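Look at the structure first, then read on.

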Amino acid sequence: MFTRRLSQYRRKFRLMETGKTRKRGKKNKEDAVLPLRNCNADDVLPRTLLLLNPIQMITEGYPLAKTRALQNYAFSRKFYSPVTNNSPLYAVDCEMCLTTARVNELTRVTMVDEDENTIIDELVKPRNKIINYLTQYSGITKQMLDPVTTRIEDIQAAFQRLLPPDAILVGQSLNFDLHALKIIHPYVIDSSYIFNIHGIRQKKTKLKTLSSLFLGEEIQTAGMDGHCSKEDSVASLRLVKLRLKKGLFFGDTVIERYENKLMQYARELAESGNPIEDLSEFDVKKDKPMSEFDVKKDEPILEPNHVEKPAVEERAEVKKEKPRPAKRWKESIKPDLIKGMASNVFSYLGKGQRTATLIGTEARLNSFPQFVARCAKSMQVEANEQAAEATKSEIGKAFITVTGLDGSPQGGQGRITREWVEKVDAQVGDIVNACQDRSLVVVVLEGAFDVDTQVAEHAICFAKVKMTPAHRKILV
């Protein structure tokens, strides 16, 4: 399956064989001395081993083909040659702004080569009107972009002109940069993927943290003046080069615990003369089931999407286990899930006496999902003070009362200060105290969108059941 997908992938990117490709059956003496033939003599890891494969690129959201949604994207080259351990590294980082298209568009791009020489460092003016320069993250201001005439098409043409056909692009969460560039490229190494300090593959770590932890270098120290794409691209390049020097298990807690098993498998491949291309699939080889590596039952598998089935003869001797109660329980509630017994609480509103009230400024009310707004009464106010007073007067009149308070001045767009936070905290306290006994009070801090990891972080939810004095006595 993977081989077939890879061949389709090669055809899609028009991979062209080079004159250096050896004919089958002939061996080069030089290969016997240095099988990896790494571009850098200090590297102990072939750089091709850190490449994201097509499945990983799809999972991480990389642009891979010109679909209807990506029809305006351009390939980074008119043709490509096979990637090798001698293929050069180019680090890329972009800065973006928010436009009237309600998407982040390219405003600056930096590309450096393996020796940290600057190949491209250009400001780019979007065609759509900019409504937020995101200066605190991008470092871009209106004064910087006003005289700029460079467009994204000019950058795409520069990539096609300057990149070698086997270039490997390097970056931190590079998928977002490629989408900003509207460029498709087949060979990428993502520093946010090859470094993992959480033990969970889906959880990414900021470039600032990785640079401080592994390189001992502090970056992104400009505060409200934003990031520098040159600094970030160099940092991601140094992280990748460090991983190549330190080895396969350095900096990645996800595969660190499989070091002995992977090394054994790699030695067997090397002894048999087979290429070491993708160790992530070592557990699905027909001739190498995971049982040979003495995996314990309670130990997580590196890629848990496949479990080797025992032979028919062995399976006949094992008594068939009865289904566990948990599975029977799941099967029993399946029809109820379909009927809607486990569903969003707002789906019950509007039925009988169950009503809801939404309270907040215009911006807060517009932030609620449409399905919530459709089944609730809205009360628009001008500021947090009026929202708190309106909430206290509405408590008990509706089944659910939802109030949106701005977490910072100027409708949530200003800078957060200690005085403002204390004020909001007091308003929340007044609302909680006004709630009736035997009511559920939930306070949600929605967190903030992190431009480095591209996810909302630091959200917190507090839940409290207000009890009558009699109930409080019982608990005490």
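The largest nonpolar core has 35 residues, and L89, I189 and V240 have the most contacts inside it. A nonpolar core is a set of buried Ala, Val, Leu, Ile, Met, Phe, Trp, Tyr and Cys residues joined through side-chain atoms within 4.5 Å; buried means under 20% relative accessible area, with a 1.4 Å probe and protein chains only. Among the elements that give two or more residues to this core are strand 2 (89–99) and helix 10 (229–246). Helix 10 gives the most, with 7 residues. Helices (H or I, at least four residues) and strands (E, at least two) are DSSP runs, numbered from the N terminus.

The model is predicted: local features need pLDDT of at least 70, side-chain atom pairs count only at pLDDT 80 or more, and totals for chains, interfaces and linings use all residues. Residues are numbered from 1 along each chain as its sequence is written, and side-chain values use heavy atoms, with hydrogens and water left out.

A second, separate core of 27 residues includes L64, Y90, F159 and A180.

| Core | Residues | Among its members |
|---|---|---|
| Largest | 35 residues | L89, I189, V240 |

Elsewhere, 3 strands form an open sheet in the order 10-9-11, with parallel pairing. Two strands pair if DSSP finds at least two bridges between them. Strand 10 (377–380) and strand 11 (400–403) stand at the edges with a single partner strand each, so one side of each has no neighbour in the sheet. Strand 9 (residues 356–360) pairs with strand 11 over 4 bridges, and T357 stands opposite T401 in strand 11.

Technical notes
Buried < 20%, exposed > 50% of the residue type's maximum accessible area, 1.4 Å probe, protein only.
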